[in-house]
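Visitor: I have a structure here that I would like to go through with you. Could we begin with some local details and then work outwards?

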Amino acid sequence: METKVINKRAGRIIADVLMVAYFLFALFPIFWMVLMSLKSTDELFTTQFVFKPTLDNYHAILFGDPRAAAGVVAKQEFPRNFMNSVIISSGSVIVSLIVGVPAAYALARYNFKAKENLAFTFLSFRFAPELVVIIPLSVIYRKLGLYDTYYGIIWVLQLITLPLLIWVLRSYFEDVSPEIEQAAMVDGYPWWRIFFRILLPLVRPGLAAASLLAFVFAWNTFMFPLILGASQVQTVTVSALGYVSSAQAFFNRMAAASVIASFPQMIVALSIQRYLIRGLSFGAVKG
Amino acid sequence: MHASSRDLPQARTQLPFLVRARPYLILLPALLILVGILIPFGMGVYYSLTTYALNRPGSLDNFVGLRNYDRMIHSSGFINSTTITLKYALSATIVELLLGLGIAILLNRDTLLAKILQTTLIFPMMVAPVIGTLIWKLMMQPSVGILNPILNTVGLPSLQWASVPETALFSVVLVDVWMFTPFAALILLAGLRSFPREPFEAARVDGASLWFTFRNLTLPMLTPYIIIVVLFRFMDSLKQFDIIFAMTEGGPGNTLMTYQLTAYRTSIQYLRLAQGLPYAVMLFFAIYITSQYLVKFWGKAQRRAAGYSS
């Protein structure tokens with residue numbers, strides 16, 4: 001009996017150790033990124049953990065480097081890149097909402113020919129290798145004048161945000177009993193009032209979570225702005241690469257830029273914890 | 001309409017056009033986007049059947065059928081591309097699935113520590129893949145990096161990580177595992193939490209071993225969740241671009257030239273659209289067919305698992 005208790009306790013300790021070990025692996029890079037961003041250039045190569053923290057890097061990427069020598073690429077474009085990311089990500093989510101909310105509703109409520117095929121086609125956007133569409137678009141966009149514009153990037157980002165919104169919202173609409181609508185219809189409410197006053201409030205948590213998650217995925221994309229954009233629409237993900245590949249290695253600047261560029265997603269992640277699983281699995285797992 | 005016509009049976013079965021068309025009308029904006037995506041896709045497939053290269057005028061009019069595909073299959077890099085694409089996707093998916101299952105089981109114990117740690121589980125997945133990879137690249141870097149000093153402290157020799165062919169694949173898969181194991185863990189954890197208690201209690205009362213319970217209860221009930229993880233992770237890692245591009249751009253040499261990287265390099269960097277596109281088109285169909293198959297399999301597994309809990 002006593003050995004059983006000891007065994008059980010030992011098992012619990014081993015389990016805890018394994019769990020902590022994994023989380024060290026998962027969180028250390030993020031911790032290290034913050035650490036790097038606080039290092040001055042002098043201490044960058046000489047110390048690992050003990051150093052005098054400084055906010056110079058943040059100051060430099062946000063307001064320009066006061067001590068930058070001539071010829072050094074001063075990275076003041078960061079605020080612009082950040083704004084580009086904000087515009088592109090919010091734009092994509094807004095377009096997806098306008099287009100996707102009705103689509104999700106139709107796919108949840110009506111039975112019609114080609115319904116499942118259509119739904120699956122939207123889903124296949126999510127899994128399709130983006131280059132199949134991006135390579136031809138790189139030619140078409142130049143002809144149409146959409147290359148390096150917000151419209152162009154927002155349009156193609158529907159590949160990422162639209163399937164997410166349609167599939168997640170469809171699963172939320174399916175959870176709402178059709179009887180609620182029918183009751184409202186019998187009471188003589190017009191369809192748009194039923195939709196905006198009754199249905200949308202019922203799926204609001206799903207709507208908010210799916211939009212925020214779509215925002216994060218749009219924010220995180222790299223290939224679309226890399227190939228279909230240039231200086232005008234450069235996002236934080238594309239510009240981050242520049243810090244490392246430039247002749248002078250601005251490792252600490254890059255870390256500071258990364259911290260700021262990762263901040264919105266962390267807030268989102270914490271605020272939609274409860275709905276994350278359903279969002280990440282496109283409604284397949286209700287969590 | 002005549003009042004008595006409502007009593008006719010034909011009129012009842014044949015709904016007015018506007019009612020029948022309603023779902024399509026509601027879907028119309030989404031269908032427009034769909035068409036706007038499918039047109040470039042179709043053009044891409046067409047380009048791949050020509051000799052289109054941006055630096056050769058008139059090459060678009062030269063229709064050559066499947067010659068580019070034939071050339072791709074017989075090119076020297078094709079075998080390497082195929083192997084590296086599959087190796088990357090398989091190893092990342094398998095490690096993420098197994099590690100994720102372990103983490104899910106550990107987190108399912110509902111201790112205070114597990115609850116606290118669980119809130120941070122999603123963080124690696126929320127960082128942009130490019131930025132996450134750059135952080136790892138810095139950690140692997142010889143001058144400012146931290147990974148080699150850590151290896152040395154525990155008595156292991158330094159590694160050259162992604163800069164030599166021997167460890168390049170390991171380095172990028174490591175980043176993929178770091179980034180996406182949380183996805184596997186979250187989905188599987190949701191699965192574990194959805195299980196009914198009764199069968200597990202019955203198994204315990206009957207004195208079934210942990211392994212027996214796992215194999216005969218947990219695993220079959222978890223299958224739909226496992227398929228979801230495999231669906232997302234395998235499809236995504238087959239087409240992984242950001243991690244490999246940010247780490248080495250496909251190098252050293254052509255060690256990491258997967259289908260996606262090859263398509264990018266040939267079509268975008270060398271401007272030979274028609275030559276790069278077959279890689280992307282082939283990958284598209286491979287992913288399309290596999291995902292459709294997995295989705296069907298998922299539906300079946302879900303029905304089977306439902307049998308266990310009722």
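Guide: A:Ala114 is exposed, because 11 other C-beta atoms lie within 10 Å, and 12 or fewer count as exposed. Please keep in mind that this is a predicted model.

Visitor: Where does A:Ala114 sit in chain A?

Guide: A:Ala114 belongs to the loop between α3 (78–109) and α4 (115–127) of chain A. Its phi is positive, about 70°, although A:Ala114 is not a glycine.

Visitor: And A:Asp148, what is its phi?

Guide: The phi of A:Asp148 is also positive, at about 60°, and this residue is not a glycine. A:Asp148 is in the loop between α5 (131–144) and α6 (150–156) of chain A. With 17 other C-beta atoms within 10 Å, A:Asp148 is partly exposed.

Visitor: What about the peptide bond from B:Gly251 to B:Pro252, cis or trans?

Guide: That bond is cis, with omega near -5°. B:Pro252 is located in the loop between α12 (242–248) and α13 (259–269) of chain B.

Visitor: Let us step back. How many helices and strands are there in chain A?

Guide: Chain A has 14 helices and 0 strands.

Visitor: What is the radius of gyration of chain A?

Guide: Chain A has a radius of gyration of 24 Å, whereas a compact globule of 287 residues would have one near 19 Å. Taken along the principal axes, the C-alpha atoms of chain A fill a box of roughly 80 × 75 × 35 Å. Of the 287 residues in this chain, 46% count as buried. Among contacts in chain A between residues at least 6 apart in sequence, 78% join residues at least 24 apart.

Visitor: Which helices and strands does chain B have?

Guide: Chain B contains 14 helices and 0 strands. Its radius of gyration is 26 Å, well over the 19 Å that the globule rule gives for 310 residues, so chain B is more spread out than a compact globule. The C-alpha trace of chain B spans about 95 × 75 × 30 Å along its principal axes. In chain B, 40% of the 310 residues count as buried. Contacts between residues 24 or more positions apart make up 71% of those in chain B with a separation of 6 or more.

Visitor: Which residues of α2(A) are buried?

Guide: In α2(A), A:Asn57, A:Ala60 and A:Ile61 are buried. They cover an arc of only 90° around the axis, which puts them on the same side of α2(A). Just after α2(A), A:Gly64 takes a positive phi of about 95°.

Visitor: One last topic. How many residues are in the largest nonpolar core?

Guide: The largest nonpolar core has 178 residues, and those with the most contacts inside it are A:Leu169, B:Leu186 and B:Ile187. Helix α9 (residues 165–194) of chain B gives the most to this core, with 17 residues. Domain 1 (2–63) and domain 2 (78–280) of chain A both give residues to this core, so the core lies between them.

Visitor: What does A:Leu169 touch?

Guide: Not counting residues up to four places away in sequence, A:Leu169 touches A:Gly100, A:Val101, A:Ala104, A:Val203, A:Gly206, A:Leu207 and A:Ala210.

How values were computed
Residues numbered from 1 in each chain as written. Chains lettered and ligands numbered in written order. Predicted model: local features only at pLDDT ≥ 70, side-chain atom pairs only at ≥ 80, totals over all residues. Helix = DSSP H or I, 4+ residues; strand = E, 2+ residues; numbered from the N terminus. Rg over C-alpha atoms; globule rule 2.2 N^0.38 Å. Buried ≥ 20, exposed ≤ 12 C-beta atoms within 10 Å, placed from the backbone. Contact = placed C-beta atoms within 7 Å. Arc of directions from axis to C-beta. Core = buried A, V, L, I, M, F, W, Y, C linked by C-beta atoms within 7 Å. Domains from an automatic or database assignment.
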